[in-house]
Structures are given as C-alpha cells and as structure tokens.
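Colleague: I would like to learn how to read a few features of this structure with you, beginning with the surroundings of the ligand.

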Amino acid sequence: MTDSINRRHLLRGAAGMVVGTAGLVAGVTMSRNAMADDAFKHLEEDNATAKALGYHHDSKAVDPKKFPTHKPEQFCHNCQLVQGKDGEQWRGCTLFPKKLVNADGWCRSWVKKAGTK
Ligand code: SF4
C-alpha cells in the first residue's frame with residue numbers, strides 16, 4: 001500500500017515536471033518571438049510622428065524655408081534626446097520608442113546635447 005502511494009506520488013511529480021518544462025520552453029519561445037517583434041527598427045520618414053516633427057534621415061536635406069529653426073550644424077548625433085553610442089549610424093531617440101533615428105538626421109525637436117559646442 002505504501003509502495004503504491006509512493007509510486008503514484010512519483011508519477012504525479014514526473015508528470016508535473018514534464019508539463020512545467022513544456023510551459024517553460026513555450027514561455028521562452030514566446031518571449032524570443034516577442035523580442036523579435038519588439039526589435040528596434042529604423043524610423044520611417046513617413047511615420048506620422050516623424051512627419052509632424054519634420055524628421056529627415058539627412059539633416060543636410062532639410063528645407064530651411066519649410067523648417068526655419070533648422071541649422072546646418074544640427075544632427076541627431078548632437079541632440080540631447082539621442083540614445084546609444086557615439087559612432088553608431090542608427091540610434092534610439094527618446095521621442096521615438098522602439099525606433100532608430102539616423103545619426104545624420106534631424107527633427108524640429110532638436111535640443112543641443114549638453115557638453116557640445
Ligand atoms: S529629437 Fe533629436 S535625436 Fe530625436 S529625431 Fe529629433 S533631432 Fe533626432
């Protein structure tokens with residue numbers, strides 16, 4: 001009788017481990033897929049917010065008549081809101097979550113990065 005109960009406990013425990021492991025594997029797979037979906041993508045110039053802010057991948061292509069606040073020395077790479085590391089061509093920006101802006105880009109929210117000339 002005791003052996004029978006112990007065997008039943010053992011089988012239940014093993015079944016629970018299999019189900020638990022399967023759930024863990026499924027969870028890891030789902031979070032990998034979610035991470036792939038959440039991967040940062042290049043901001044498109046026709047993104048609604050980008051358009052509203054006049055974002056351009058190339059600051060040199062900004063029309064000064066259309067954007068009179070733009071100055072030739074203003075780029076995403078010297079903006080206070082840019083993220084990432086110096087030297088990276090595509091970097092995060094606090095205004096565009098999960099998107100990457102071009103280091104040579106610009107938008108009308110440009111703010112001089114602290115410590116730059
Ligand atoms: S806020 Fe700054 S870093 Fe972000 S897109 Fe505009 S200029 Fe570039």
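Modeller: The residues of the shell around the ligand comprise eleven nonpolar, two polar and no charged, where Ala, Val, Leu, Ile, Met, Phe, Trp, Tyr, Cys and Pro count as nonpolar, Asp, Glu, Lys and Arg as charged, and the others, Gly among them, as polar. This is a predicted model, in which local features need pLDDT of at least 70 and side-chain atom pairs count only at pLDDT 80 or more, while totals for chains, interfaces and linings use all residues. Residues are numbered from 1 along each chain as its sequence is written.

Colleague: How many residues surround the ligand, and which are the closest?

Modeller: A residue is near a molecule if its C-beta atom, placed from the backbone, lies within 6 Å of it; here 13 residues surround the ligand, the closest being Cys 76, Cys 79, Leu 81, Cys 93 and Cys 107.

Colleague: How do strand 2 and strand 3 run, and how many bridges join them?

Modeller: Strands are DSSP runs of E with at least two residues, and helices runs of H or I with at least four, numbered from the N terminus; two strands pair if DSSP finds at least two bridges between them. Strand 2 (residues 90-93) and strand 3 (residues 96-102) run antiparallel, joined by four bridges, and they form a hairpin with two residues between them. Trp 90 has Asn 102 as its bridge partner in strand 3, and Gly 92 stands opposite Leu 100.

Colleague: Why does Glu 45 count as partly exposed?

Modeller: A residue is buried with 20 or more other C-beta atoms within 10 Å of its own, exposed with 12 or fewer, and partly exposed in between, C-beta atoms being placed from the backbone; Glu 45 counts as partly exposed because it has 16 C-beta neighbours inside 10 Å.
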